[in-house]
Amino acid sequence: MANPKPEELARIEYKPPKTGWMDTPAEIRKGMFCHAGKSKSLEYVGLPNPRQWTVMEEDWKLPENWQEIFIEGLRERVNKFRSFRLFLDICVRCGACADKCHFYIGGGDPKNMPVLRAELLRSVYRKYCTTSGKIMGKIAGARELTVDVLKEIWYYAYQCTECRRCSLFCPYGIDTAEITILARELLNLLGLNIDWIAGPVANCYRTGNHLGLQPHTIKDTFDMFADDLETFTGIRVNPTFNRKGAEILVVVPSGDFFADPGTYTTMGELLLFHELGLDYTWSTYASEGGDFGFFTSNEMAKRLHSKIYAEAKRLKVKWILGGECGHMWRVWHQYHNTWFGPMDFLEEPVSPITGTKFENAKSNKTVHICEFTSDLIKNGKLNLDKSRNDDLVVTFHDSCNTSRGMGFLEEPRYIINNVCNKFYEMPPNTIREQTFCCGSGSGLNASENMEIRLRGGLPRANAVKHVVQKYGVNMLSCICAIDRAALTASVDYWVPGTRVTGVHEMVGNALVMKGEKKRTTNLRGDPLPGMEGE
Amino acid sequence: MPHLEFEGQQYEVDEDGYLTDWQAWKEGMAQVMAQQDGLTLTSEHWEIIKFLREYFIKFQIAPMIKILVKELGKAMGPEKGNTKYLYELFPAGPAKQACRFAGLPKPTGCV
């Protein structure tokens, strides 16, 4: 299905329908949702109700007692998670969040106002879990859970990227992402996952990464990286895999092994580690930083995340270095210790190059690669030639999970400023904590839902367009693999001509290595500035 | 679930027309799928389809375009080892269209 033209898609109708939201049925429309999770993927990890079903068909093949399962599941979670109960109870519907959501801004559907999206579930909560809702029904904002209501909750739970921009503006601090997370968890009790999440979850459980890359595939891919790097630099990198006794285990999103432009980020990292002579290993099992289980249920998130520590223990490494990934850091930062407790078998991370102790990583023993690299730069350990990136006019997209999820703002900027000469920020209300989502996070970067992805990507793309016009920006940098995949499609549509890069790709370009040959190309094989025709 | 009709038999495909079981693939299916897309397969198409199948059997995933380009270049020279050539053969994209003809699933995740 061809997508509408940008000028058509940008004509957004913000006028709400005449009828109240409860009396306006959701219109499930192609281009806005992802395909249903496949039976075999659900079966593989033991998720409930595996079967073939299709979103556009009337019958979603729910279990007979689906209503009971959902309501019981809701009650259980309301009792278990105090935050969830609080977020359901305290919203005063002030609307501060309404126009903060990228899906609402780019689509105009009132049910994508975070307040209303949450209200879809909240109304069911009132009906079955509160006295006022039980007695007064609709007057108290309560409604019965019918099949249509369930479908509506599903439709909009997968039109939220859990980016939390809304929560930043909520005077009560309600985290709507958490409501979406739990709505998805409840939907999963009925087998209502999407294929783009269920597939990677099953793959990850089987092979250790979302793509289903097997050990020899990963090795073969790295051989190709090494070949390319040797062509560009004259230096042969020799990464090791599953090596016991290495000091550091490196874990990055598997998208960076497989999809451009993420692959160039991995290549940049390979050059950096080689130059440092770092005692590190990759793992073909802990070969995924991301965790699509996090978009499924708390339990599934735990199951998939645990492999990283199992592998760290098996290999007897001292600590873990994590790559440019988005939600991996949210999981590590916010959930990890509750799930697994302190990692006593690992050591507090210390950079072997600078001696810096990463105090912030004391408990989970995991350091972000941007922390690691900015510390190297700060201590003068890297020889960097910024001019190699002079063909780039760079801006930086903060990933929702690293910026809002863990307050990680300065390090990537510090690196960028040290590896390239031309860096311009997008407007302040679109970066740092207020960053706009790429539009496809939380497992929504499929192709069949391209319309909603492009709509959700509009606010970010619009800010990119601003710096393109004002400063001539031609490169959008980011530190997340979903970003790299999603923004590539989004800017290609809204701001054609702009490209996307990881921060460590630019590091790899600028890094002057011992014994390297005269570099004439960047890591993409394109001529370096001034080297055209050499 | 939609189906692909081939030699009097029905084969399961997903919503985007990808065969759900890559092992059920038969050579003739590629031509049927191509016809539905308004293409006629030539020996150049087949070079790619065969490469994709062989790669998949070895690695259990379709190759990224970079590998496809590189391997084609090695085997058949630079005039075939480039993205433009692949898009001329498979206008809907080598990753998507050619994989579908070859009966292979599309990769999922942060890609």
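Tutor: Happy to! Keep in mind that this is a predicted model. Let's begin inside a sheet: Val394(A) stands opposite Met475(A), which is in strand 6 of chain A.

Student: How many bridges join strand 5 of chain A to strand 6 of chain A?

Tutor: Three bridges, and the two strands run parallel.

Student: And which order do the strands of that sheet have?

Tutor: The order is 5-6-7 in chain A, in an open sheet of three strands with parallel pairing. Strand 5 (394-396) and strand 7 of chain A are the edge strands; each has a single partner strand, so one side of each is left without a neighbour in the sheet. On average, neighbouring strands here are turned by 35° against each other, direction ignored.

Student: Nice. In which sense do strand 6 and strand 7 of chain A pair, and over how many bridges?

Tutor: Strand 6 (residues 475-478) and strand 7 (residues 499-502) of chain A pair in the parallel sense, over four bridges. In that pairing, Cys478(A) stands opposite Gly502(A) of strand 7.

Student: What do strand 6, helix 21 and strand 7 of chain A make?

Tutor: Together they make a right-handed β-α-β unit, with helix 21 of chain A covering residues 481-494.

Student: Okay, over to the four-strand sheet. What's its order?

Tutor: That open sheet in chain A has the order 2-1-3-4, and the pairing is parallel. Its edge strands are strand 2 (280-282) and strand 4 (366-368) of chain A, each pairing on one side only. Neighbouring strands of this sheet are turned by 30° against each other on average, direction ignored.

Student: Which residue stands opposite Thr366(A)?

Tutor: Ile320(A) does; Thr366(A) belongs to strand 4 of chain A. Strand 3 (residues 319-322) of chain A is joined to strand 4 of chain A by three bridges, and the two run parallel.

Student: Which helix lies across strand 3 and strand 4 of chain A?

Tutor: Helix 17 of chain A, residues 369-378, and it runs at about 65° to strand 4 of chain A.

Student: Switching to helix 20 of chain A: what is its reach from first C-alpha to last?

Tutor: Helix 20 of chain A (residues 450-471) has 22 residues and reaches 29 Å, close to the 32 Å expected at 1.5 Å a residue. There is a kink of about 50° at Leu458(A) in this helix, shortly before the proline Pro459(A).

Student: And what follows helix 20 of chain A?

Tutor: Gly472(A), with a positive phi near 75°.

Student: What about chain B, which residue in its hairpin takes a positive phi?

Tutor: Glu7(B) does, near 45°, in the hairpin of strand 1 and strand 2 of chain B, which has two residues between the strands. Strand 1 (residues 3-6) and strand 2 (residues 9-12) of chain B pair in the antiparallel sense over four bridges. In this pairing, Glu5(B) stands opposite Gln10(B) of strand 2.

Student: Last one: how many residues of chain B are in contact with chain A?

Tutor: 14 residues of chain B, in contact with 25 residues of chain A. By class, the side of chain B that touches chain A has eight nonpolar, three polar and three charged residues.

Note on methods:
Residues numbered from 1 in each chain as written. Chains lettered and ligands numbered in written order. Predicted model: local features only at pLDDT ≥ 70, side-chain atom pairs only at ≥ 80, totals over all residues. Pairing = 2+ DSSP bridges. Axes fitted to C-alpha atoms, helices over the stretch in contact; angles between N-to-C directions. Contact = placed C-beta atoms within 7 Å. Nonpolar A, V, L, I, M, F, W, Y, C, P; charged D, E, K, R; others polar. Right-handed = clockwise from strand over helix to strand, strands pointing away. Expected span 1.5 Å × (residues − 1). Bend = angle between axes of the 7 residues up to and from the residue.
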